[in-house]
Amino acid sequence: MTEVSPGEDAVEFDVDAPAGEFEPKPPEAHYDPPAGRVHPDAELGWIRRMQPVVLGHKRSFLIAMAMASVALFSNVAIPAVVGAGIDEIRADGDRVPMWVATLLVLAVTRAVFAFGYRSRLYKFAYAIEFDLRSLMFRHFARMSHGFYDKVQTGQLVSRANSDIRAVQMLLAFAPFMAMMSLTFVLAFAFMLTKHVLLTVVAVSTLPLVYVFGVKLRNQMFPLSWIVQGRLADVATTVEENVTGVRVVKAFAGEERQIEQLAEQARRLRWSAVKVADSRATYAPLMENLPRLGMALTLLYGGYLAIDGQVTVGTIITFSSYVLLLQAPFRMLGFFMIMSQRAAASAGRIFEILDTEAEIADRAGAIDLVDPVGRVDLDLVRFGYDTRDVLDGFDLHVEPGETVAIVGGTGSGKSTIARLLLRFYDVDDGSVRIDGHDVRDLAMASIRHHVGMVTDEPFLFSASIADNIAYARPDATRDEVIAAATAANAHGFITDLDHGYDEIVGERGYTLSGGQRQRIAIARTLLADPAVLILDDATSAVDVRVEAEIHEAIERLAEHRTTIVIAHRLSTIALADRVALIDGGRVLAFDTHAALLSSEPHYREVLATSVESPEADEGADV
Ligand SMILES: Nc1ncnc2c1ncn2[C@@H]1O[C@H](COP(=O)(O)OP(=O)(O)OP(=O)(O)O)[C@@H](O)[C@H]1O
Ligand SMILES: [Mg+2]
């Protein structure tokens with residue numbers, strides 16, 4: 001990015017600003033970045049698109065597979081060795097220790113490698129999960145406001161959890177299952193060399209295991225979706241009741257909410273019982289089918305042994321294999337369902353990852369460096385959807401000026417603030433800061449130099465000091481205190497039990513509305529923006545405190561451009577000029593006194609939104 005200093009381009013102010021630079025300081029990463037990204041080509045199959053993520057961990061994966069092959073091979077070898085051993089020992093009793101030792105070695109090998117591959121495979125699986133999760137979260141962080149306006153939080157959370165899990169399961173365990181099927185081939189081939197017909201008898205029940213497995217999964221699959229959906233319903237109700245508890249209680253809605261939750265819990269119970277029912281039907285069948293196979297093997301094998309066609313050892317090997325081999329058959333059905341599910345989940349993940357951020361830095365975007373704070377909105381047209389909120393909106397604010405924006409509710413005042421921070425892009429016209437179109441500036445630098453405080457400030461459940469220092473985590477305690485003092489918050493903070501180290505409750509609910517607002521103002525002041533936007537930011541503090549805050553803000557930076565959106569006459573009167581907006585454009589832009597005498601509409605807006613202007617006029621102006 002090239003840097004541009006003020007005064008170079010369209011700006012011709014002579015300001016002796018210190019030669020600082022815009023330095024966004026990203027927090028130090030304490031985690032590994034994802035090893036790979038998903039393939040950007042949406043036309044490709046989902047496994048192909050996931051491939052780069054998987055390949056990022058191929059070492060773990062290959063080691064796991066190598067270990068698994070040793071473990072599975074020992075698993076197949078043990079019954080064969082037992083059979084051969086029994087046959088030989090019957091002829092020559094001296095060889096017992098040798099066979100026992102062989103078996104021991106095999107068993108220990110199997111145990112060690114089974115441990116090894118499991119731990120590796122899970123490591124691999126969770127590495128993929130971690131990567132997908134950070135890819136998702138990075139993507140969420142990049143998405144612009146328009147995306148969050150539309151999407152449901154619950155959907156995002158569910159995608160970030162269950163969908164990633166489903167994909168991870170398949171990617172990690174499918175290869176393992178394929179390997180397990182190989183053990184079947186090995187064992188089957190071994191059995192065929194011993195006795196073809198006995199092999200057929202031994203595996204005769206396995207197709208049934210598969211069929212019932214598929215049947216069970218077919219029943220379970222839709223049911224498990226239903227269970228998941230209903231679990232989510234219950235979770236949503238619980239979550240809403242906790243976050244919205246103040247509204248619920250204020251309207252005495254507890255009984256209704258309990259009813260609603262009970263109904264959802266009943267629905268969840270029904271589906272959970274259905275799952276248990278189908279499991280109860282099929283699981284005993286599937287567990288006992290191999291035993292039937294074993295009985296048949298013993299019966300037919302017994303006859304063959306009496307006849308001298310096979311040895312006792314062979315019968316024992318076969319009956320072990322019947323049990324061993326059912327696992328791949330059971331899993332095959334499971335695997336097919338899992339792959340359908342993973343494909344659907346992957347589709348939903350891609351749907352998010354493929355959504356481009358509507359607002360992004362353009363190639364070659366420049367940093368805004370030491371702006372003087374000139375703000376221009378040139379004939380801006382903008383609407384969130386088809387309806388225009390602003391149309392032909394034209395406003396020019398001089399550096400260092402304090403401008404109030406006055407207009408009816410829903411007239412687009414907050415929208416202007418959002419456009420200045422480039423939360424959205426204009427449909428027509430332009431928004432410029434220091435002469436630079438915001439679309440040409442690096443977003444991080446805009447947000448560094450343009451600060452906004454809203455009427456609904458969001459605080460994190462962290463200490464007050466951490467909340468204030470959010471934009472500048474490296475700020476010293478003295479700087480934090482200075483910002484808090486300017487925001488008229490120092491007094492009440494020191495009255496708290498733990499002062500600046502007091503942890504505020506979720507969203508700052510342990511503080512009053514006015515206290516929250518003052519902390520939010522301190523947070524923005526600490527960032528020391530050249531353009532400060534106060535969107536109804538002092539609506540919850542009384543007039544006296546508000547006046548003190550404004551005074552402090554003015555004192556703090558003479559050069560700061562301040563845009564106040566306010567309903568209160570006392571706030572409006574602090575501004576150098578007032579922009580009266582209506583119908584998506586600026587109706588008039590002048591001093592408060594001039595507007596009062598010349599604009600009848602101004603008096604109307606003030607009369608509806610504030611205490612009677614006439615009554616307050618003398619006191620405030
Ligand atoms: N995220 C959004 N998506 C769609 N429409 C929106 C969105 N935000 C605001 N609007 C619409 O845009 C219009 C202007 O909203 P805005 O928030 O700018 O009004 P305002 O002047 O700040 O009002 P208030 O004084 O009540 O805060 C309103 O009609 C509103 O319904
Ligand atoms: Mg607003």
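**Strands, a helix and a ligand shell**

Modeller: In S12, Asp582 has Arg585 as its bridge partner. This is a predicted model, in which local features need pLDDT of at least 70 and side-chain atom pairs count only at pLDDT 80 or more, while totals for chains, interfaces and linings use all residues. Residues are numbered from 1 along each chain as its sequence is written, and chains are lettered from A and ligands numbered from 1 in the order in which they are written.

The bridge at Asp582 belongs to a pair of strands. S11 (residues 577–582) and S12 (residues 585–590) pair in the antiparallel sense over five bridges. Strands (E, at least two residues) and helices (H or I, at least four residues) are DSSP runs numbered from the N terminus, and two strands pair if DSSP finds at least two bridges between them. S11 and S12 make a hairpin with two residues between them, and Gly583 in the turn has a positive phi of about 60 degrees. S11 also pairs with S5 (residues 402–407), here in the parallel sense and again over five bridges. In that pairing, Ile405 has Ala579 of S11 as its bridge partner.

Next comes the ligand. Which residues surround ligand 1? They are Asp149, Tyr384, Val389, Gly407, Thr409, Gly410, Ser411, Gly412, Lys413, Ser414 and Thr415. A residue is near a molecule if its C-beta atom, placed from the backbone, lies within 6 Å of it. By class, the shell has two nonpolar, seven polar and two charged residues. Here Ala, Val, Leu, Ile, Met, Phe, Trp, Tyr, Cys and Pro count as nonpolar, Asp, Glu, Lys and Arg as charged, and the others, Gly among them, as polar. Helix H11 (residues 413–420) gives the largest share of the shell, three residues.

Four strands form an open sheet in the order S4-S3-S6-S7, with antiparallel pairing. S4 (390–397) and S7 (436–437) are the edge strands, each pairing on one side only. S3 (residues 375–382) is joined to S4 by five bridges, and Phe382 has Leu390 of S4 as its bridge partner. H11 packs on this sheet and touches S3, S4 and S6 (428–433), its direction making about 115 degrees with that of S3. Contact means that the C-beta atoms of two residues, placed from the backbone, lie within 7 Å. Axes are lines fitted to C-alpha atoms, for helices over the stretch in contact, and angles run from 0 to 180 degrees between N-to-C directions.
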